[in-house]
Amino acid sequence: MTRDCDAYAVASRDIVFESFDGEAVVLNLANGKYFGFSDSGSRVWQALASGIDARALIGLTAGGSTLGAAELEHFISQLLELGLLVPSETAAQPLPGELPAELAATSEPLDVSIHDDLADLIIVDPIHEVEEPLGWPAVKQAS
């Protein structure tokens, strides 16, 4: 089946993200992994997560070079494999007017880094799964 557009959506409600000074941090609440993006990756993540057609990004300047189809496809396939995005069947959103300039101002190539060093703590229920009387972050041990 051919899709009319290359729009994507955030994969689930367990995927939350925030931008800090333009740098996106994405957290998967289901497995505790969190993801950091390069400056250009942050802008592209935000565009894709908001439903912009990926094809609209091809040819824009990002990270000091022109964003090519293969580079973008590789980045998107990483996001799909990590379970952060899913293909969307809804109509794509238009490219925001400020996005090309924001992408052109980036200096790093598309990249996503994966962190799981805090996963054990992130997925713990701080109310019900902690050792009494220590509290969080002392995780209750199986007895």
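## Surroundings of Trp45

In this predicted model, Trp45 touches Val10, Ile15, Phe17, Ala24, Val26, Phe37, Phe75, Leu79, Leu84 and Leu85, leaving aside residues up to four places away in sequence.

## The nonpolar core

Trp45 also belongs to the largest nonpolar core, which has 27 residues. Trp45 is among the residues with the most contacts inside this core, together with Phe37, Val44, Leu48, Leu57, Leu72 and Leu79. At least two core residues come from each of strand E3 (23–28), strand E4 (34–37), helix H1 (39–49), helix H2 (69–81) and helix H3 (99–104). H1 provides the largest share, five residues.

## The four-stranded sheet

Four strands form an open sheet in the order E2-E3-E4-E8, and their pairing is antiparallel. Which strands stand at the edges? These are E2 and strand E8 (112–115); each has a single partner strand, so one side of each lacks a neighbour in the sheet. On average, neighbouring strands of the sheet are turned by 20 degrees against each other, direction ignored.

H1 packs on this sheet and touches E2, E3 and E4. The direction of H1 makes about 60 degrees with that of E3.

## Strand pairing in detail

Strand E2 (residues 15–20) and E3 run antiparallel and are joined by six bridges. One of the paired residues is Ile15, whose bridge partner in E3 is Asn28. The hairpin of E2 and E3 has two residues between the strands, and Asp21 takes a positive phi near 50 degrees there.

E3 and E4 also run antiparallel, with three bridges between them. Here the bridge partner of Leu27 in E4 is Tyr34.

Definitions and conventions. Residues are numbered from 1 along each chain as its sequence is written. This is a predicted model: local features need pLDDT of at least 70, side-chain atom pairs count only at pLDDT 80 or more; totals for chains, interfaces and linings use all residues. Side-chain values use heavy atoms; hydrogens and water are left out. A nonpolar core is a set of buried Ala, Val, Leu, Ile, Met, Phe, Trp, Tyr and Cys residues joined through side-chain atoms within 4.5 Å. Buried means under 20% relative accessible area, exposed over 50%, partly exposed in between (1.4 Å probe, protein chains only). Contact means heavy atoms within 4.5 Å. Two strands pair if DSSP finds at least two bridges between them. Axes are lines fitted to C-alpha atoms, for helices over the stretch in contact, and angles run from 0 to 180 degrees between N-to-C directions.
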